[in-house]
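I opened this notebook to record what I looked up in one structure. The entries follow in the order in which I made them.

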Amino acid sequence: MKRTHDKAGRGGDVRPKKALGQHFLTDESIAARIAATLDDYKGLPVMEVGPGMGVLTKYLIAGGHDVKVAEIDGESIDYLRYNYPDLAGRILDADFLQLDLAKIYPDGRKFCVIGNYPYNISSQIFFHVLDYRDQVVCCSGMLQREVAERFAAAPGTKARGILSVLLQAWYDVDYLFTVDENVFNPPPKVKSGVIRMTRNSVTDLGCDAGLFKTVVKTAFGQRRKTLRNSVRGLFPAGVPLPDSPLFALRPEQLSVEQFVELTRMVASARESE
């Protein structure tokens, strides 16, 4: 069915939709600061996730970025088409989580990802970005503060979790600043945080990447237990655990390099079975 322009298409506001986790940023200065996180990458194309009414989009365009946007809200799409003619042909009526980014940016082309991410799917968004880590050189934007802090959490902190390790294996993750609730429509019940992830120089973890992900998820699946107990099931039955001080630690205490070491132990035990 062909879309028709409603009030939003004629320049009125888009209604925030709870089902889509929409909280529209109303503070232009914060939007400008978020867009500026990509100032070092103006030669690369940018994919914006969930642009809504384009408060961030306008600053990306003004900054000279080659922008595409992925949006699933029809009202927002109509608004963007009407109010941002520079986006003609660059608005993807699609769920970012379902996009094959390698087809949008073929031949291994490098690109950046940015957004004021819906809180309810932010983790899935960053898992999707990880699938394209060889192409996504920078990923920045705003999400729930607790989640942003988790992504940037260092070893030994309570906030450290699965995505802390998986993201930091491939990216340098920086927590940039906190955003209060009162600059959104509608205001969320929590504060927000802005992060920037910059692709590091790692091309090979030094272990099987799939097994690494399994080890990390398994360890944090029982995060209150020491690794001796939480990852025992990854080792072949009857095979004693290697003599390593790592097994006395809990998952949040480990660095990426220590998780790599643990993954090698699991692989070696399986190969020798």
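**Entry 1: Helix H3**

I began with helix H3, where seven of the ten residues are buried, so the helix is largely enclosed by the rest of the structure. Buried here means under 20% relative accessible area, exposed means over 50%, and partly exposed lies in between (1.4 Å probe, protein chains only). Helices (H or I, at least four residues) and strands (E, at least two) are DSSP runs, numbered from the N terminus.

I note for the record that this is a predicted model, in which local features need pLDDT of at least 70 and side-chain atom pairs count only at pLDDT 80 or more, while totals for chains, interfaces and linings use all residues. Residues are numbered from 1 along each chain as its sequence is written, and side-chain values use heavy atoms, with hydrogens and water left out.

I listed the buried residues of H3 as Gly74, Glu75, Ser76, Ile77, Asp78, Tyr79 and Leu80. What covers them includes strand S1 (24-25), S3 and S4. H3 (residues 74-83) lies across strand S3 (66-71) and S4, running at about 160° to S4. For such angles, axes are lines fitted to C-alpha atoms, for helices over the stretch in contact, and angles run from 0 to 180 degrees between N-to-C directions.

**Entry 2: The sheet**

I next traced the strand order of the open sheet of seven strands, which is S4-S3-S2-S5-S6-S9-S7, with mixed pairing. Two strands pair if DSSP finds at least two bridges between them. Strand S4 (91-93) and strand S7 (171-179) are at the edges with a single partner strand each, so one side of each has no neighbour in the sheet. From one strand to the next, the twist averages 20°.

I then looked up individual strand pairs. S7 and S9 run antiparallel and are joined by eight bridges; Tyr175 stands opposite Ile195 in S9. S2 and S3 run parallel and are joined by five bridges, and Pro45 stands opposite Asp66 in S3.

Strand S2 (residues 45-49) is mostly covered, with five of its five residues buried. Pro45, Met47 and Val49 point one way from S2, Val46 and Glu48 point the other way, and all are buried.

I also recorded helix H1 (residues 28-35), which lies across strand S5 (111-116), strand S6 (136-144), S7 and S9 and runs at about 170° to S7.

**Entry 3: Aromatic rings and charges**

How many aromatic pairs does a search of the whole structure find? I recorded five. The rings of Tyr105 and Phe111 have centres 4.2 Å apart and planes at 15°, so this pair is stacked. Rings of Phe, Tyr and Trp (its six-membered ring) pair if their centres lie within 6.5 Å; planes under 30 degrees apart count as stacked, over 60 as edge-to-face and the rest as tilted. Tyr105 counts as buried at 1% relative accessibility, and Phe111 is buried at 0%. Tyr117, Phe126 and Phe151 form one aromatic cluster.

I then checked for charges over rings, a term that requires NZ of Lys or CZ of Arg within 6 Å of the ring centre and within 35 degrees of the ring normal. The charged end of Arg133 sits over the ring of Trp170, 4.1 Å from its centre. The charged end of Lys217 sits over the ring of Phe127, 5.2 Å from its centre.

**Entry 4: Asn200**

I located Asn200 in the loop between strand S9 (192-199) and helix H8 (209-221). Is Asn200 buried or exposed? At 18% relative accessibility, Asn200 counts as buried. A polar atom of the Asn200 side chain lies 3.0 Å from the backbone nitrogen of Val202. Not counting residues up to four places away in sequence, Asn200 touches Gln168, Ala169, Trp170, Tyr171 and Asp172. Contact means heavy atoms within 4.5 Å.

I found His128 in helix H5 (residues 122-131), where His128 is buried with a relative accessible area of 9%. Leaving aside neighbours within four places in sequence, His128 is in contact with Phe96, Leu97, Leu99 and Leu101.

I found Glu149 in helix H6 (residues 145-152). At 35% relative accessibility, Glu149 counts as partly exposed. Not counting residues up to four places away in sequence, Glu149 touches Ala159 and Tyr175. The C-alpha atoms of Glu149 and Thr178 are separated by 9.9 Å, with the two residues 29 residues apart along the chain.

Definitions and conventions: A polar contact is a pair of N or O atoms within 3.5 Å; within protein, one must be able to donate a hydrogen and the other to accept it, and residues adjacent in sequence count only if both atoms are side-chain atoms.
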